[in-house]
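Subject: Structure handover

Hello,

Here is the structure we talked about. Please open it alongside this note; what I found follows below.

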Amino acid sequence: MIDLRTYQVDAIDSVIDSFKKHSSALVVMPTGTGKTVVVAHAARLAQKGRVLVLAHREELVMQMAKTLEEVGLTVAIEMGETTAAGSWWNKPDAVVATVQTLTASDCRRLHELIDDPTDWSLTVIDEAHHAPSKSYQMIADHMFKNTNHRLLGVTATPDRTDKLAMGTVFETVAYEYSIEDAISDGYLVPISQRAVYVEGLDYREVRSTAGELNGKDLAK
């Protein structure tokens, strides 16, 4: 079992308290302070049903799956060619999936994976600043066909560059641990930075995709 830091215990307790009053909640913690650990323990406490965890990159999916297993949950992955369908004889406690996989082809994989949302008690969105986008909303709408379902978002950056309000997705901020607090408590080192101005670097033709700069436009 993973040993928890004091603020991680506070975050988990705050999520549980928030879910007594709200169907969705957000946890804000800086990179490097163990958001994945908080998610894993919150998922372990969601014993009334199965857990769906959403990420948007392969390395995040694999990291999340590993941490969920470390707290004692059985885990399957739904991503690309990998499917959780082979686990149906012994249904896993949690499924970690990419949003791209679940929403492709009019959400075919989402409906195959979750034909009955009442079996699922919790959906977690990693990097939750992406949550206001259409793809995440399609998944959330499907899961909330279960009126007892809960939605948890975790992020280090709650302010999206496209200014879509996080409040349209999450009813409350259950817990916030600032980077200043993490530095003061000794969990992160003080920030040292340097700004470099590059003449001629022009981002005006670079589009924004899901709140981040478009990779193809940046490469071009």
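A residue is called buried here if its relative accessible area is under 20%. Keep in mind that this is a predicted model.

Start with helix H2. Its buried residues are Lys35, Thr36, Val37, Val38, Val39, Ala40, His41, Ala42 and Ala43. That is 9 of the 10 residues of H2, so the helix is largely enclosed by the rest of the structure.

Next, the two helix pairs.

H2 with H3:
- H2 covers residues 35-44 and H3 covers residues 58-70. They pack at an angle of about 50 degrees, and their axes are 9 Å apart.
- That angle makes H2 oblique to H3.
- The crossing of H2 past H3 is right-handed.
- From H2, the contact takes in Thr36, Val37, Val39, Ala40 and Ala43. From H3, it takes in Gln63, Met64, Thr67 and Leu68.
- By class, the residues of this contact are 6 nonpolar and 3 polar, with no charged ones.

H1 with H2:
- H1 spans residues 6-19. It packs with H2 at an angle of about 45 degrees, with the axes 10 Å apart.
- H1 and H2 are therefore oblique to each other.
- H1 also passes H2 in a right-handed crossing.
- Gln8, Ala11 and Ile12 of H1 meet Val37, Val38 and His41 of H2.
- This contact holds 4 nonpolar and 2 polar residues, and no charged ones.

Note Val37. This H2 residue is buried. It is part of the contact with H3, and it also meets H1.

One more site deserves a look: His142. Which helix holds His142? It sits in H5, residues 134-143. Is His142 buried or exposed? Its relative accessibility is 6%, so His142 counts as buried. Its side chain reaches the backbone oxygen of Ile114 at 2.7 Å. Leaving aside residues up to four places away in sequence, His142 touches Leu110, His111, Ile114 and Pro117.

Best wishes

Note on methods
Residues numbered from 1 in each chain as written. Predicted model: local features only at pLDDT ≥ 70, side-chain atom pairs only at ≥ 80, totals over all residues. Heavy atoms only, no water. Axes fitted to C-alpha atoms, helices over the stretch in contact; angles between N-to-C directions. Helix = DSSP H or I, 4+ residues; strand = E, 2+ residues; numbered from the N terminus. Parallel < 35°, antiparallel > 145°, perpendicular 65-115°, else oblique. Left-handed = near helix turned anticlockwise from the far one by under 90°. Contact = heavy atoms within 4.5 Å. Nonpolar A, V, L, I, M, F, W, Y, C, P; charged D, E, K, R; others polar. Buried < 20%, exposed > 50% of the residue type's maximum accessible area, 1.4 Å probe, protein only. Polar contact = N/O pair within 3.5 Å; in protein donor to acceptor, adjacent residues only side chain to side chain.
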